[in-house]
Amino acid sequence: MKHTFLLEIGLEEIPAHVVTPSVKQLASRMEDFLNESRISFDEIQTFSTPRRLAVKVLGLADKQPDIKEEAKGPAKKIAVDDQGNWSKAAQGFSRGQGVDPDQIYFKEFKGTEYAYVEKSILGKSATEVLKDVDQVIIAMRFPTMMRWSTNEFEFVRPIRWMVCLLDDEVIPVQILKIKADRISAGHRFLGQDVSLANANDYPASLLDQMVVADACKRKEMIRSQIHEIAQKNEWQIVIDEDLLEEVNNLVEYPTVFAGSFDEKYLSLPDEVLITSMKDHQRFFYVLDSNGKMLPHFVSVRNGNDQYLENVVAGNEKVLTARLEDARFFYEEDQNTPISASVERLKNVMFHDKIGTIYAKMQRVTEISAFLGKKVGLSADELQDLKRAAQIYKFDIVTEMVGEFAELQGVMGEIYARLFGENENTAVAIKESYMPLGSESELPQTNVGAVLSIADKIDSIQSFFAAGMLPSGSNDPYALRRQALGIVRIALAKKWKLSVIDLANAIDSAYQTKQDLYENTQPDQNQVEWQEFIMGRVHQLLVDQDYAYDIVNTVVATKKNTFQQIFAAANVLTKHQSDLEFKQNIEALTRTVRLARKGQADVQPEVKVDLFENDSEKALHTAVVAVSKDYGDKDLEEKYVALTSLRQPISNYFDETMVMVDDESVKNNRLTQLGAIARLTYSFGALDNLNVK
């Protein structure tokens with residue numbers, strides 16, 4: 001017989017962004033608990049609202065399966081005395097296993113015979129197993145934990161009730177003073193407590209009390225109602241999925257409604273209107289058929305449609321107040337020129353251990369100039385880049401950004417245009433903040449992309465030099481995101497940039513403006529920040545499912561560009577299944593390992609007059625041929641060229657001892673092997689490849 005089990009945790013309102021991951025965690029922990037308890041089930045369904053996390057287990061087995069287990073006891077010589085009788089050790093062993101001594105048998109284990117018994121363990125009933133389900137709740141972890149009353153126990157929010165039903169039976173579970181029951185709570189204002197006769201009654205019984213417990217159904221209700229309003233009014237209502245997810249986790253019974261605001265506020269930039277509605281009020285904004293902003297908004301009420309006009313009026317009043325503030329700030333900011341705002345940044349700290357934002361902009365100006373030339377920007381682009389770098393943080397001190405911090409960079413672009421800056425410069429100000437996340441949009445313009453890289457590498461270098469390195473999951477200044485952004489931009493733009501190039505850009509800025517690096521000397525933790533960025537390259541490759549040994553190979557050198565690293569991973573992955581891949585790599589890596597033994601002592605050029613056999617001459621001829629125009633080849637061509645050396649290398653090692661007593665001959669041979677090793681560095685460290 002199969003059963004249905006329901007576990008509901010009733011809580012004070014949970015932050016919206018925590019609801020979905022929390023119920024997923026509950027389901028995952030429940031699955032682990034049942035699997036570890038050896039009790040089968042068909043499916044786990046999840047339910048969640050701001051006030052509850054719940055799982056319903058369908059097709060739960062009646063009991064654990066019975067199992068037979070073999071237990072190992074003392075050695076035979078200890079279990080049986082000289083007369084062949086069971087010793088006290090054997091009797092104690094059998095008694096401990098709940099069997100008679102006559103059930104003991106012997107088996108050899110590592111050359112010695114031991115006593116064994118086979119015992120049957122009866123499976124526990126589902127009821128018995130589920131009495132420990134409180135451990136699932138106790139084990140849960142959240143970004144922010146809290147205590148309540150005088151308890152030591154921590155959870156995301158105070159627990160107010162629990163439902164724990166196996167079909168129609170209450171499982172006796174308790175957390176603190178909260179005992180599990182069959183009573184669940186309805187909507188805080190529109191419903192009442194409901195007694196669940198059976199686990200299968202959930203969530204239908206809650207719906208009678210104005211609670212839509214199924215988050216997916218609740219979301220579809222919101223989406224459907226939005227579409228109805230859009231069709232009725234011939235509007236385009238932009239449904240941002242992240243906003244929909246958040247709103248869905250703020251309500252238990254959704255009712256969508258539309259409101260309006262005065263058309264005069266449409267003179268504000270769309271970004272300001274959208275931020276005011278979406279980020280501050282959790283409203284969906286409305287467009288006409290041509291994509292133009294309309295003076296309307298759509299929101300979701302936690303309840304039914306009774307007295308909805310009061311709700312609409314209240315939301316309109318709140319939005320109007322915010323838009324009125326925004327209009328005032330927008331007009332005031334236009335009375336302060338960019339130069340005055342930049343001057344004010346001399347008194348605004350980027351970080352007290354690093355310096356002011358004004359100093360940061362000056363450093364970024366020098367870094368971006370170096371990088372702009374490195375990636376081949378035109379003279380006009382370099383000029384626009386210089387101007388953008390000199391002012392790109394000016395909007396931090398504007399009234400608008402002071403009130404709407406989310407618009408930093410966005411308002412910079414808008415104000416830059418209003419003050420007469422050219423398009424490239426204005427767009428670069430906004431793009432300097434991109435990407436905002438690991439998969440967010442990248443800068444599109446060359447000027448914006450270089451400025452973004454320069455800003456991010458300055459931040460990374462500055463924090464590392466000041467001793468504020470990320471550790472574990474602790475990354476308060478989002479340096480991992482910024483490092484990943486640098487790599488993603490360079491890859492998207494197909495720019496030949498490496499970690500060493502970034503270090504050179506900082507060194508160039510330091511040589512020009514040493515006074516700007518008073519607290520952040522470039523030689524402080526330089527190796528650490530370079531490895532930190534390479535770590536992001538490593539993770540990006542792993543996330544794209546490259547083999548681990550290939551990843552370790554291609555990230556082993558900082559001199560190769562990010563573009564080259566990924567190209568090398570592609571080439572090695574392509575050829576990894578070749579029949580001769582193992583032999584090719586073994587030949588090349590043998591030269592690499594030997595070359596490392598004496599690179600500090602070898603002479604700069606191979607001396608052919610020191611060759612002692614034909615294999616040395618043949619290898620030298622082959623290496624010279626491969627080296628010709630090697631730098632102009634793409635990595636696929638380089639790989640093919642390197643594999644042509646396999647046979648000459650094999651012949652060379654068959655006939656040649658490298659580490660001989662004659663120093664001049666040994667060094668000459670190491671020099672020859674070093675030349676081959678340097679050719680392989682285009683791919684990283686080939687000896688990291690697993691070809692066994």
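This is a predicted model: local features need pLDDT of at least 70, side-chain atom pairs count only at pLDDT 80 or more; totals for chains, interfaces and linings use all residues.
Colleague: Which hand does the crossing of α13 and α17 have?

Modeller: The crossing is right-handed.

Colleague: How do you know that α13 and α17 meet, and through which residues?

Modeller: Contact means heavy atoms within 4.5 Å. From α13 come Glu381, Asp384, Leu385, Ala388 and Ala389. They meet Asn446, Val447, Val450 and Leu451 in α17. By class, the residues of this contact are 6 nonpolar, 1 polar and 2 charged.

Colleague: And why are α23 and α26 called oblique?

Modeller: Helix α23 (residues 581–596) and helix α26 (residues 646–655) cross at roughly 55 degrees, with axes that come within 9 Å. Roughly perpendicular begins at 65, and roughly parallel means under 35, so oblique is the word for α23 and α26. Their crossing is left-handed. On the α23 side, the contact uses Gln583, Asn584, Ala587, Leu588, Arg590, Thr591 and Leu594. On the α26 side, Arg646, Ile649 and Phe653 take part. The classes are 5 nonpolar, 3 polar and 2 charged.

Colleague: Now the strands. What makes β16 mostly covered?

Modeller: Buried means under 20% relative accessible area. In β16 (residues 293–302), 8 of its 10 residues are buried.

Colleague: How do you know that β16 pairs with β14 and with β15?

Modeller: Two strands pair if there are at least two bridges between them. β14 (residues 254–260) and β16 have 7 bridges, in the antiparallel sense. β15 (residues 284–287) and β16 have 3, also antiparallel. Both counts meet the cut-off, so both are pairs. Pro254 has Asn302 in β16 as its bridge partner. Leu287 stands opposite Met293 in β16.

Colleague: What sits between β15 and β16 in their hairpin?

Modeller: There are 5 residues between the strands. In this hairpin, Gly291 takes a positive phi near 80 degrees.

Colleague: Why are β4 and β5 called edge strands?

Modeller: They belong to an open sheet of 3 strands, in the order β4-β6-β5, with antiparallel pairing. β4 (67–75) and β5 (105–109) each pair on one side only. Neighbouring strands of this sheet are turned by 45 degrees against each other on average, direction ignored.

Colleague: What makes β5 and β6 a pair?

Modeller: β5 and β6 (residues 112–121) share 5 bridges, in the antiparallel sense. The cut-off is at least two, so they pair. Phe109 has Thr112 in β6 as its bridge partner.

Colleague: Which helix lies across β4 and β6?

Modeller: That is α3 (residues 88–97), running at about 160 degrees to β4.

Colleague: Why is Glu69 called partly exposed?

Modeller: Its relative accessible area is 35%. Buried means under 20% and exposed over 50%, so Glu69 is in between. Glu69 lies in β4.

Colleague: What does Glu69 touch, leaving out residues up to four places away in sequence?

Modeller: Val117, Glu118, Lys119 and Ile121. Glu118 is 49 residues from Glu69 along the chain, yet their C-alpha atoms are separated by 5.6 Å.

Methods. Residues are numbered from 1 along each chain as its sequence is written. Side-chain values use heavy atoms; hydrogens and water are left out. A crossing is left-handed if the near helix is turned anticlockwise from the far one by less than a right angle, and right-handed if clockwise. Helices (H or I, at least four residues) and strands (E, at least two) are DSSP runs, numbered from the N terminus. Ala, Val, Leu, Ile, Met, Phe, Trp, Tyr, Cys and Pro count as nonpolar, Asp, Glu, Lys and Arg as charged, and the others, Gly among them, as polar. Buried means under 20% relative accessible area, exposed over 50%, partly exposed in between (1.4 Å probe, protein chains only). Axes are lines fitted to C-alpha atoms, for helices over the stretch in contact, and angles run from 0 to 180 degrees between N-to-C directions. Angles under 35 degrees count as roughly parallel, over 145 as roughly antiparallel, 65 to 115 as roughly perpendicular and the rest as oblique.
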